[in-house]
Amino acid sequence: MRRVHALLLVGLAAGAASCASTDLTGKNRKLLEQAVTALEQGELAKTVALRDDLLASTEADAGAYRLQRFGAAYLAAEAHLRASFAGAWLREPETGTRLRLGAGGGDDTSPTAHMVAAARQISYGMDLAPSGVSEKALAEQLPASLAELGVENAKLGLSMGLLTVYSRLGFESKVSRILEQNAGMLDLASCQRLMDAARLPDELRPRVTYLVFRHQRELDERMAYRFAVRTLFPAAGGTAGVERAEREALQQWIVGESSYVFTCPLDGVKADPTTPICSTDLKTHLLDFVASKRE
Amino acid sequence: MNPRPSIPRSLLLVSFLSACGGGASVKADTEPPRFFEGFPRGTLQEMPGVGASVYAEASFQRRHAETLGLDLTEKGLLPIQLQIGLRGREQESAPVRLDPDQMDMRFYLPDGTVLPSVWADVAAKLTGNDRLRDKVRRQSLEPGVLPKYENASNALFVYFQLPKKAVVEDQVLTLQSGKYGQAVDVSKGLLTFNVMFENKLKQFYVGVGR
């Protein structure tokens with residue numbers, strides 16, 4: 001029986017090797033281009049399905065297509081992360097009460113399922129991320145937008161995505177650890193540069209800035225203020241990634257809980273966190289307000 | 001970092017068979033990823049205004065048959081062990097409980113498939129004999145008022161309905177997901193349920209270790 005097994009395996013391996021000899025680079029690149037387009041058009045389930053197509057067709061010779069498999073995992077991770085905010089297609093079973101994230105209104109789609117699936121795709125991406133990839137290889141194997149992003153920036157985006165997943169599920173110790181390991185995220189200007197470099201989707205950015213606010217609140221209140229303002233008034237997109245109660249807590253902190261008072265440098269009016277600009281001069285952004293110790 | 005889980009032999013065979021992309025059993029993922037360590041398997045959550053916190057730990061024991069007397073994955077159920085109780089100053093009197101009608105327990109597989117829970121009675125009936133039935137019932141978690149964590153029984157089982165044709169070997173579960181097969185690591189899944197206190201519900205998330 002053991003010999004039959006061995007012969008079967010040898011035969012199958014030979015067969016697999018022969019069909020793996022076809023170069024799939026061009027075909028994979030087209031799949032990735034379709035996945036990028038699907039993601040841009042909000043066809044999130046299609047993005048993940050294309051990732052599955054690519055991984056299934058390259059499974060027999062995974063090492064040869066590592067960069068393209070990485071690209072596919074990256075795109076699928078982004079699709080699941082975005083679906084956890086809007087456009088979910090994974091569903092909850094038709095039982096039980098409705099206390100789950102985003103559940104309600106007769107909608108059985110599951111943001112939680114997408115967060116869990118995103119963690120898995122992020123993990124595949126991190127496993128597959130190659131190092132020392134040449135510009136030529138990037139250009140040949142990946143669609144232009146992914147090639148421009150590059151492997152390191154894509155990894156950064158995956159880390160930020162995992163941060164949002166941990167946070168939304170309440171695993172705070174994991175959040176703190178990731179932030180402590182990424183000092184560049186603790187300054188607003190630098191954090192925004194990193195989010196831009198990683199092309200973090202707009203949906204995820206308020207969650208990231210909110211998490212840094214909470215981290216900095218204990219360490220540097222003036223910087224925490226800047227993150228609070230950016231969370232309440234993102235540069236682009238809405239604040240769907242931050243719960244209403246969390247937004248109210250931010251406003252409360254700015255107005256009364258911080259040990260600083262934040263005032264407009266032009267007219268001295270205190271920050272009103274319900275509006276992004278000074279309520280008197282109607283032009284100075286809250287980010288430009290100055291801090292003084294609360295008496 | 002967790003060691004890489006061993007790849008079930010059946011899965012290797014299937015992946016070889018499907019290497020050229022034909023057939024319905026083609027796998028998109030023949031082994032689970034490694035980077036992600038899984039969600040924390042122990043979770044402490046404060047109950048606002050109660051003066052106590054709920055602590056829970058969950059795990060998937062691939063050798064659960066040694067405790068239950070049979071491998072329930074072969075009967076279409078995924079057993080997860082859960083130890084849950086209260087910690088904190090007011091834990092003696094805190095009225096925190098698992099309400100059978102409200103706890104809404106479910107298990108998220110790493111690919112996003114959501115498994116509904118089934119009652120211990122269902123699992124017990126699947127055993128097919130009285131001795132094992134009693135054993136499964138004794139080893140199952142009963143809803144009710146939560147004890148102090150130190151006094152909580154050893155981890156007891158809760159059960160989830162596996163998808164059709166799912167196969168579990170070690171902690172790797174293979175299932176059809178979309179048009180492809182997927183290999184997922186059960187220990188990277190997520191258990192959720194609601195606890196009730198003062199007529200309010202609070203959702204609880206806990207990772208599943210091994």
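This note sets out points on the domains, helix packing and strand pairing of a predicted model.

1. Basis. The model is predicted: local features need pLDDT of at least 70, side-chain atom pairs count only at pLDDT 80 or more, and totals for chains, interfaces and linings use all residues. Residues are numbered from 1 along each chain as its sequence is written, while chains are lettered from A and ligands numbered from 1 in the order in which they are written.

2. Domains of chain A. Chain A comprises domain 1 (26-91 + 107-149) and domain 2 (171-295), with bounds from an automatic or database domain assignment. Their C-alpha centres are 31 Å apart. Each domain of chain A gives 6 residues to the contact, where two residues are in contact if their C-beta atoms, placed from the backbone, lie within 7 Å.

3. The domain 1 side. Helix α4 (residues 66-83) of chain A supplies 3 residues, the largest share of the side of domain 1 that touches domain 2. Helices (H or I, at least four residues) and strands (E, at least two) are DSSP runs, numbered from the N terminus. This side of domain 1 of chain A has 4 nonpolar, no polar and 2 charged residues. In this division Ala, Val, Leu, Ile, Met, Phe, Trp, Tyr, Cys and Pro count as nonpolar, Asp, Glu, Lys and Arg as charged, and the others, Gly among them, as polar.

4. Helices α8 and α9 of chain A. Helix α8 (residues 151-168) packs on helix α9 (residues 172-181) at about 155°, with the axes 8 Å apart. Axes are lines fitted to C-alpha atoms, for helices over the stretch in contact, and angles run from 0 to 180 degrees between N-to-C directions. The two helices, α8(A) and α9(A), are therefore roughly antiparallel (angles under 35 degrees count as roughly parallel, over 145 as roughly antiparallel, 65 to 115 as roughly perpendicular and the rest as oblique). The crossing of α8(A) and α9(A) is left-handed, meaning that the near helix is turned anticlockwise from the far one by less than a right angle. From α8(A), A:S159, A:L163, A:Y166 and A:S167 meet A:K174, A:V175 and A:I178 of α9(A); by class, the contact has 4 nonpolar, 2 polar and 1 charged residues.

5. Helices α11 and α12 of chain A. The axes of α11 (residues 205-217) and α12 (residues 221-232) come within 8 Å and cross at roughly 160°, which makes α11(A) roughly antiparallel to α12(A). The crossing of α11(A) and α12(A) is left-handed. Among the residues that meet are A:Y210 and A:F213 in α11(A) and A:M223 and A:F227 in α12(A). The contact of α11(A) with α12(A) divides into 8 nonpolar, 3 polar and 3 charged residues.

6. The four-stranded sheet of chain B. An open, mixed sheet has 4 strands in the order β1-β12-β11-β10; two strands pair if DSSP finds at least two bridges between them. Its edge strands are β1 (27-29) and β10 (167-169) of chain B. Strands β11 (residues 172-177) and β12 (residues 180-185) of chain B run antiparallel, joined by 6 bridges, and B:L175 stands opposite B:Q182. Helix α3 (residues 44-58) of chain A packs on this sheet and touches β1 and β12 of chain B, its direction making about 105° with that of β1(B).

7. Strands β6 (residues 106-108) and β7 (residues 114-118) of chain B are antiparallel over 3 bridges, with B:R106 partnered by B:P116. They form a hairpin with 5 residues between β6(B) and β7(B), and B:G112 in the turn has a positive phi of about 100°. Strand β7(B) also pairs with β9 (residues 156-161) of chain B, antiparallel over 2 bridges, where B:V118 stands opposite B:Y159.
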